[in-house]
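Hi,

Here is the structure I said I would pass on.

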Amino acid sequence: ERTALAVRRMRAAGLAVSAPDAAVVSVTAPGPEAATAWAADCADRGVAVGCFRPPSTPDSRSRLRLTVNAGVARADFGRALDVIVECAP
């Protein structure tokens, strides 16, 4: 349920997002520098996200990876989604 919510929220914000079968959501960034800055901006606001860029990505795309955790309070999860969207390049 939360993974679907995260995907809907990111897509509604105009972000390119995978539709995973599990709890890892991949959000495409415009490039490696943008991905690094995006992840850093999220971290500065208390939200940890994974940041992957070439050469560690098989398709040469940069992206953030979000791990959805059902143990996080709903309000905190919603805030994390807000931060990711607000910090998007």
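In residues 5-84, the end C-alpha atoms lie 13 Å apart, and the span is 40% helix and 16% strand. Helices (H or I, at least four residues) and strands (E, at least two) are DSSP runs, numbered from the N terminus. UniProt, in an unreviewed entry, places the feature "domain: Aminotransferase class I/classII large" at residues 5-84. UniProt positions are given in the numbering used here, feature names are shortened, and annotations may be inferred rather than shown by experiment.

Keep in mind that this is a predicted model: local features need pLDDT of at least 70, side-chain atom pairs count only at pLDDT 80 or more, and totals for chains, interfaces and linings use all residues. Residues are numbered from 1 along each chain as its sequence is written, and side-chain values use heavy atoms, with hydrogens and water left out.

Now the strands, where a pair needs at least two bridges found by DSSP. Strand β1 (residues 24-28) runs antiparallel to strand β3 (residues 63-67), joined by five bridges. Here Val 25 stands opposite Leu 66 in β3. Strand β2 (residues 50-52) also pairs with β3 in the antiparallel sense, over three bridges, and Cys 51 stands opposite Leu 64 in β3.

That brings me to the cysteines. How many disulfides are there? The count comes to zero, a disulfide being a pair of cysteine sulfur atoms within 2.5 Å. For Cys 51, the closest cysteine sulfur is in Cys 42 at 9.8 Å, so it is too far for a bond. The sulfur of Cys 42 has its closest cysteine sulfur in Cys 87, and 4.4 Å is also too far for a bond. Cys 42 is buried, with a relative accessible area of 0%, while Cys 51 is partly exposed at 23%. (Buried means under 20% relative accessible area, exposed over 50%, partly exposed in between, with a 1.4 Å probe and protein chains only.)

Thr 3, in helix α1 (residues 2-12), counts as buried because its relative accessibility is 15%. Leaving out residues up to four places away in sequence, Thr 3 touches Pro 20, Ala 22, Ala 23, Val 25 and Val 68; contact means heavy atoms within 4.5 Å.

Last, the rings. Arg 2 lies over the face of Phe 77, 5.2 Å from the ring centre, and the charged end of Arg 65 sits over the ring of Phe 52, 4.5 Å from its centre. The rule is NZ of Lys or CZ of Arg within 6 Å of the ring centre and within 35 degrees of the ring normal.

Cheers
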